[in-house]
Amino acid sequence: MKEVFIYTDGACSHNPGPGGFGVIMRYKEHEKEFSQGYILTTNNRMELRAVIYGLSLLKEKCKVVITTDSQYVKNGMTSWIEGWKRRNWCSSLNQAVKNKDLWQELDSLCNKHEVTFRWVRGHAGHSENERCDRLAVEATKGPNKIEDIGYID
């Protein structure tokens with residue numbers, strides 16, 4: 001099974017406001033970078049969209065290591081999501097899960113692969129995270145997608 005490394009970051013100017021994400025994908029010696037901007041969104045939605053975008057590019061089942069500086073994404077997928085599903089997409093406080101649409105999409109994509117999430121501290125010198133941050137911030141300056149607000153967080 002192929003082992004793919006995906007590095008992600010999301011950014012938002014104001015919150016909500018113009019946003020973007022950056023993704024680096026690495027398989028063996030091959031590496032590609034992607035980014036996309038949105039007119040109106042939130043930081044958390046951009047963090048989720050980055051991971052979704054990377055996973056959606058995979059054409060076959062892979063072993064995937066996702067590195068993110070978002071504890072929201074990492075904890076959501078490794079600690080919270082099973083409880084949300086048991087409670088019909090409600091939080092432990094019995095409130096609707098924010099960004100449910102993206103969590104469901106991410107869950108579906110993760111179920112197609114063997115996925116491990118790794119968290120790194122943002123803006124701490126991790127080279128791929130710093131590159132993803134630059135891609136995401138640059139994407140906020142020229143949003144090319146429609147609004148992506150979903151559930152405001």
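Start with charge: the chain carries 22 positive and 20 negative side chains, and the centres of these two sets sit 4 Å apart. Keep in mind that this is a predicted model.

Now for the overall layout. Four helices and five strands make up the chain's elements, and from the N terminus they come in the order β-β-β-α-β-α-α-β-α. The radius of gyration is 15 Å, close to the 15 Å that the globule rule gives for 153 residues, so the chain is as compact as a globular protein of that length. Contacts reach well along the sequence, too: take those between residues at least 6 apart, and 70% of them join residues at least 24 apart.

Here are some figures for the whole chain.

| Property of the chain | Value |
|---|---|
| Box filled by the C-alpha atoms, along the principal axes | roughly 45 × 40 × 30 Å |
| Residues that count as buried, of 153 | 48% |
| Accessible surface | about 8100 Å² |
| Part of that surface belonging to carbon and sulfur atoms | 47% |

Let's zoom in on one residue, E130. You'll find E130 in helix α4, which covers residues 127–140. With a relative accessible area of 19%, E130 falls under the 20% cut-off and so counts as buried. Setting aside neighbours within four places in sequence, E130 is in contact with H123, A124 and G125. For G125 there's a bit of detail: its backbone nitrogen lies 3.1 Å from a polar atom of the E130 side chain. Another residue to look at is D69, which is 61 residues away from E130 along the chain, with 10.0 Å between their C-alpha atoms.

Notes:
Residues are numbered from 1 along each chain as its sequence is written. This is a predicted model: local features need pLDDT of at least 70, side-chain atom pairs count only at pLDDT 80 or more; totals for chains, interfaces and linings use all residues. Side-chain values use heavy atoms; hydrogens and water are left out. Helices (H or I, at least four residues) and strands (E, at least two) are DSSP runs, numbered from the N terminus. The radius of gyration is taken over C-alpha atoms; the globule rule is 2.2 Å times the number of residues to the power 0.38. Buried means under 20% relative accessible area, exposed over 50%, partly exposed in between (1.4 Å probe, protein chains only). Contact means heavy atoms within 4.5 Å. Accessible areas come from the Shrake-Rupley method with a 1.4 Å probe; for residues, only the protein chains shown count as cover. Lys and Arg count as positive and Asp and Glu as negative; His and the chain ends are not counted. The place of a charge is taken as NZ of Lys, CZ of Arg, CG of Asp or CD of Glu. A polar contact is a pair of N or O atoms within 3.5 Å; within protein, one must be able to donate a hydrogen and the other to accept it, and residues adjacent in sequence count only if both atoms are side-chain atoms.
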